[in-house]
Amino acid sequence: MSDSQRPCVLVVDDDPLIRSSCSERLASQGLAVEVASDGFEAVQLAQLVRFDLILLDVRMPHRSGSDVLRLLRAAPRTAQTKVYLLAQAGDSALVDAAMREGADGVFEKDTQSTLEIAVDVATLLGVSSVVAPSVADASQRESAIDQLTK
């Protein structure tokens, strides 16, 4: 399958570790991935590239996820693009605002591993997950590795 045939996902997060981890996990699921470090960059990229799904952090400096979502929904090119929020516990007010702006769903960064998010995104886009049967095992391994490296 060529890059042009693979579903393309934009990961928008101001945290470079989240961007990197999500990007790597999504690519491992056979998805094409672009990244943006803030809302300004996300809106610019979304006008240039047709994304199948955007993962959008709700809490970013300068332009919130809700602000970015409002701009995406207002632009004809991105009005129908699937947008899923990346949030943490405590972001409920921001999530509620973004859901009112038309977000399609939410992933919780503090309760879901990036592998779980990537598998869910692949499923949403109709891509057979490369690691779906072993998500629990992989998540447990990730947690164990995290504990060992602390």
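Residues 24 or more positions apart account for 62% of the contacts in the chain with a separation of 6 or more, a contact being heavy atoms within 4.5 Å. The model is a predicted one, in which local features need pLDDT of at least 70 and side-chain atom pairs count only at pLDDT 80 or more, while totals for chains, interfaces and linings use all residues. Residues are numbered from 1 along each chain as its sequence is written, and side-chain values use heavy atoms, with hydrogens and water left out.

**Chain overview**

- The chain holds 6 helices and 5 strands; helices (H or I, at least four residues) and strands (E, at least two) are DSSP runs, numbered from the N terminus.
- Along the sequence these elements follow the pattern β-α-β-α-β-α-β-α-β-α-α.
- Of the 150 residues, 43% count as buried; buried is under 20% relative accessible area, exposed is over 50%, and partly exposed lies in between, with a 1.4 Å probe and protein chains only.

- The 5 strands form an open sheet in the order S2-S1-S3-S4-S5, with parallel pairing. Two strands pair if DSSP finds at least two bridges between them.
- Its edge strands are S2 (32–36) and S5 (105–108), each of which pairs on one side only.
- On average, neighbouring strands of this sheet are turned by 20° against each other, direction ignored. Axes are lines fitted to C-alpha atoms, for helices over the stretch in contact, and angles run from 0 to 180 degrees between N-to-C directions.
- S1 (residues 8–12) runs parallel to S2 and is joined to it by 5 bridges. S1 also runs parallel to S3, through 4 bridges.
- Leu-10 stands opposite Glu-34 in S2, and its bridge partner in S3 is Ile-54.
- S3 and S4 run parallel and are joined by 5 bridges. Asp-57 stands opposite Leu-86 in S4, and the bridge partner of Leu-56 in S4 is Leu-85.

**Burial of the strands**

- In S3, 5 of the 5 residues are buried, so this strand is largely enclosed by the rest of the structure.
- Leu-53, Leu-55 and Asp-57 point one way from S3, Ile-54 and Leu-56 point the other way, and all are buried. In a regular strand the side chains alternate between the two faces of the sheet.
- S4 is mostly covered, with 5 of its 6 residues buried.

**Helices against the sheet**

- Helix H2 (residues 39–48) lies across S1, S2 and S3 (53–57), and runs at about 140° to S2.
- Helix H4 (residues 92–100) lies across S4 (82–87) and S5, and runs at about 175° to S4.
- The buried residues of helix H3 (residues 65–74) are Gly-65, Ser-66, Val-68, Leu-69, Leu-72 and Arg-73. They cover an arc of only 155° around the axis, which puts them on the same side of H3; the arc is that of the directions from the helix axis to the C-beta atoms.
- An α-helix has 3.6 residues a turn, so residues three or four places apart point the same way.
- The cover over the buried residues of H3 includes H2, S3, S4 and H4.

**Val-95**

- Val-95 lies in helix H4 and is buried, with a relative accessible area of 14%.
- Not counting residues up to four places away in sequence, Val-95 touches Val-58, Leu-85, Ala-87 and Val-106.
- Val-95 and Arg-59 are 36 residues apart in sequence and 9.3 Å apart in space, C-alpha to C-alpha.

**His-62**

- His-62 lies in the loop between S3 and H3 and counts as exposed, at 73% relative accessibility.
- Although it is not a glycine, His-62 has a positive phi of about 75°. Most residues other than glycine have a negative phi.

**Cysteines**

- The structure holds 0 disulfides, a disulfide being a pair of cysteine sulfur atoms within 2.5 Å.
- Cys-8 counts as buried at 11% relative accessibility, and Cys-22 counts as buried at 3%.
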